[in-house]
Amino acid sequence: MGVFLRKKKVFLNCSEYVNRHRNGTTTQGDEFVGKNKRKRAEVNNQSTVTNGVNRAQQESEQQPEQQSEQQSEQLEYESELRQGPVLILRNVSKVIGRRKIVDNVSFEVPRGEIFGFLGPNGAGKTTTIRLIVGLMRMSEGEVLINGYSIKSDFAKAIMKVGAVVENPEMYKYMTGYQNLVHFARLIPGIGKERIEEVVKLVRLETRIHEKVSKYSLGMRQRLGIAQALLRKPDLLILDEPTNGLDPAGIREMRDYLREVAQTEGTAVFVSSHLLAEMELMCDRVAIIQQGQLKAVKPVRELVRMQGKKAVVFEVEQKEEALHEIRKYLLERASQGEVLERGAELVDDGVELVLEREQIADLNNRFAEAGVRVYGIRHSKVSLEDSFLELTGGEQVV
């Protein structure tokens, strides 16, 4: 109890000192207490400053080590990212109103690959592209570019992406070169050398200093691709890049996209309605219908026939050949065999689907009937054939 009272007394004395000091009525004893407090405060301040300096010195010594560790960790992380796919879609969906425009779409695009994206009218191709580049917000799922989420880390995800979505927009009153200089100023580290590289890559050297207003649609497409290539993207996205190009221009585009993919390791994502060109250009294709993926396969697998093959017999006596084929098919049907389809007339003969042994049997029958056969060849199934089969014959866009 005495201790408590003593502490309480000290507390009261301190309170009294504060009140007296405010009123200007301090006593000698009060001044003594005040001096002691000031000395203790000075000692504490000196101790605080000394400790602060010591901590600052320790932090300054540790800071370069921490920065070095963080930089090495960042480089290691980026190295791991460069070994993985550039683009990853995981269960991506987009709902507008009550309609699901994109439904649970998932695929990956590795570096150095040209990836085709095909689908009928209204299948969700352009919507998917807009979701990938962040022009639309997805309802569900995740899009990762170089390991960064387009939703939560947009700036890092989009940093190494070049895209031409629908029609490229340029300043028509400026030359093509001036347009590229303007866009290069928006990207750190892009100089004159890179501008000249992309101009050469898209074959615009002779027209680059003309005003864009004088460009054809195909030339504007090339300039748009050049602009998208300025930042040396890891992912290049092109929506209908062959619009307005003549056959020679389409072939040139195919060649320089292949060059970009091989020499710079860029993943090229292409949406197009020209299936024949996609077959020649792409390594793999994804086919989308009503917002759902129907297939994601290498082009060579889609055009490869399985089991029975379409065969063309080159003959001049087409009517006689058709007559023999009908007799042959009827015999096979009577034995319980199911045939893919009947014969069709083609420019240089007749075509039908047969197994390997059936080709030899029918050739013998032609010889016995006096039908001269000048050649037998497999009719290659095109990407268009596979597309129409997968989508039920819907028109492609």
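In what order do the four strands of the open sheet stand? The order is β2-β1-β4-β5, and the pairing is antiparallel. Helices (H or I, at least four residues) and strands (E, at least two) are DSSP runs, numbered from the N terminus. Two strands pair if DSSP finds at least two bridges between them. Strands of a sheet pair through backbone hydrogen bonds, and the pairing can be parallel or antiparallel.

The model is predicted: local features need pLDDT of at least 70, side-chain atom pairs count only at pLDDT 80 or more, and totals for chains, interfaces and linings use all residues. Residues are numbered from 1 along each chain as its sequence is written, and side-chain values use heavy atoms, with hydrogens and water left out.

The protein has 13 helices and 14 strands. Of its 397 residues, 39% are buried. Buried means under 20% relative accessible area, exposed means over 50%, and partly exposed is in between (1.4 Å probe, protein chains only). A contact means heavy atoms within 4.5 Å. Among contacts between residues at least 6 apart in sequence, 70% join residues at least 24 apart.

Return now to the open sheet. The strands β2 (99-109) and β5 (148-149) stand at its edges; each has a single partner strand, so one side of each is left without a neighbour in the sheet. Strand β4 (residues 140-145) runs antiparallel to β5 and is joined to it by two bridges. In this pair, Ile145 stands opposite Tyr148 of β5. Helix α3 packs on the sheet and touches β1 (87-96), β2 and β4. The direction of α3 makes about 115° with that of β1. Axes are lines fitted to C-alpha atoms, for helices over the stretch in contact, and angles run from 0 to 180 degrees between N-to-C directions.

Helix α3 covers residues 125-132, and six of its eight residues are buried. These are Lys125, Thr127, Thr128, Ile129, Leu131 and Ile132. Just after α3, Gly134 takes a positive phi of about 80°.

Another packing involves two helices. The axes of α11 (residues 318-334) and α12 (residues 356-369) come within 10 Å and cross at roughly 130°. That angle makes α11 oblique to α12. Angles under 35 degrees count as roughly parallel, over 145 as roughly antiparallel, 65 to 115 as roughly perpendicular, and the rest as oblique. Among the residues making the contact are Ala321, Ile325 and Tyr328 of α11, and Leu362, Arg365 and Phe366 of α12. The residues of this contact divide into six nonpolar, one polar and six charged. Here Ala, Val, Leu, Ile, Met, Phe, Trp, Tyr, Cys and Pro count as nonpolar, Asp, Glu, Lys and Arg as charged, and the others, Gly among them, as polar.

Two single residues complete the tour. Val373 is in strand β14 (residues 373-378). Val373 counts as partly exposed because its relative accessibility is 27%. Leaving aside neighbours within four places in sequence, Val373 is in contact with Phe313, Glu314, Val315, Asn363 and Phe366. The C-alpha atoms of Val373 and Glu314 are separated by 5.8 Å, although the two residues are 59 residues apart along the chain.

Gln221 lies in helix α7 (residues 217-229). With a relative accessible area of 1%, Gln221 is buried. Beyond its neighbours within four places in sequence, Gln221 is in contact with Pro168, Glu240, Pro241 and Asn243.
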